[in-house]
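Dear colleague,

Please find below the structure that I am handing over to you, followed by an account of what was found in it. I would be grateful if you read the two side by side.

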Amino acid sequence: MDDDIQRAERAKRGSPYLNTAQAAHYLGVSVRSMQRMRAKGEGPTPRRHARMVQYHIDDLQAWSQARSDEARV
C-alpha cells in the first residue's frame, strides 16, 4: 500500500497520469470499483495510452468534486 502511495505521489509530481491502481488509491476506492465504473461508462474519464488505461489527475479531481457537490444537494 505504501508503494502505491509513493508511486501516486511521484506521478503527481512528474506525469499527471495515474494507472488504475494509483487512481483508485487517490479516490479511496478499490481497483475493482474503478474497473466496474469504467466498464459501465461511469466514473472518471479513462484515457488509453497504447494498451495502458490511465487517468489524468485533473479528471479525478473534477469527478470527485462533482460527487461531493451532488452529496450536498
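**Findings**

Helix H2 lies across strands E1 and E3 and runs at about 100° to E1. Helices (H or I, at least four residues) and strands (E, at least two) are DSSP runs, numbered from the N terminus. Axes are lines fitted to C-alpha atoms, for helices over the stretch in contact, and angles run from 0 to 180 degrees between N-to-C directions. Contact means heavy atoms within 4.5 Å.

The model is predicted: local features need pLDDT of at least 70, and side-chain atom pairs count only at pLDDT 80 or more, whereas totals for chains, interfaces and linings use all residues. Residues are numbered from 1 along each chain as its sequence is written, and side-chain values use heavy atoms, with hydrogens and water left out.

The predictor's confidence in each residue is given as pLDDT, from 0 to 100. The protein has a mean pLDDT of 88, and 93% of its residues reach 70 or more. Confidence is lowest in helix H1 (residues 2-13), with a mean of 72, and highest in helix H3 (residues 31-40), at 97.

**Overall fold**

The protein contains 4 helices and 3 strands, and from the N terminus on its elements follow the order α-β-α-α-β-β-α. Its radius of gyration is 12 Å, close to the 11 Å that the globule rule gives for 73 residues, so the protein is as compact as a globular protein of that length. The radius is taken over C-alpha atoms, and the rule is 2.2 Å times the number of residues to the power 0.38. Along the principal axes, the C-alpha atoms fill a box of roughly 35 × 25 × 20 Å.

**The sheet**

The 3 strands form an open sheet in the order E1-E3-E2, with antiparallel pairing; two strands pair if DSSP finds at least two bridges between them. E1 (17-19) and E2 stand at the edges with a single partner strand each, so one side of each has no neighbour in the sheet. From one strand to the next, the twist averages 45°.

E1 is joined to E3 by 3 bridges, and Tyr 17 has His 56 in E3 as its bridge partner. Between E2 (residues 46-49) and E3 (residues 52-56) there are 4 bridges, and His 49 stands opposite Met 52 in E3. The hairpin of E2 and E3 has 2 residues between the strands, and Ala 50 there takes a positive phi near 60°.

**Helix H4 and its contacts**

The axes of H2 (residues 20-27) and H4 (residues 57-72) come within 11 Å and cross at roughly 35°. This crossing is right-handed, meaning that the near helix is turned clockwise from the far one by less than a right angle. On the H2 side Ala 23, Tyr 26 and Leu 27 take part, meeting Ile 57, Leu 60, Gln 61, Trp 63 and Ser 64 in H4. These residues divide into 6 nonpolar, 2 polar and no charged. Here Ala, Val, Leu, Ile, Met, Phe, Trp, Tyr, Cys and Pro count as nonpolar, Asp, Glu, Lys and Arg as charged, and the others, Gly among them, as polar.

Asp 59 is also found in H4 and touches Pro 44, Thr 45 and Arg 47, not counting residues up to four places away in sequence.

Yours sincerely
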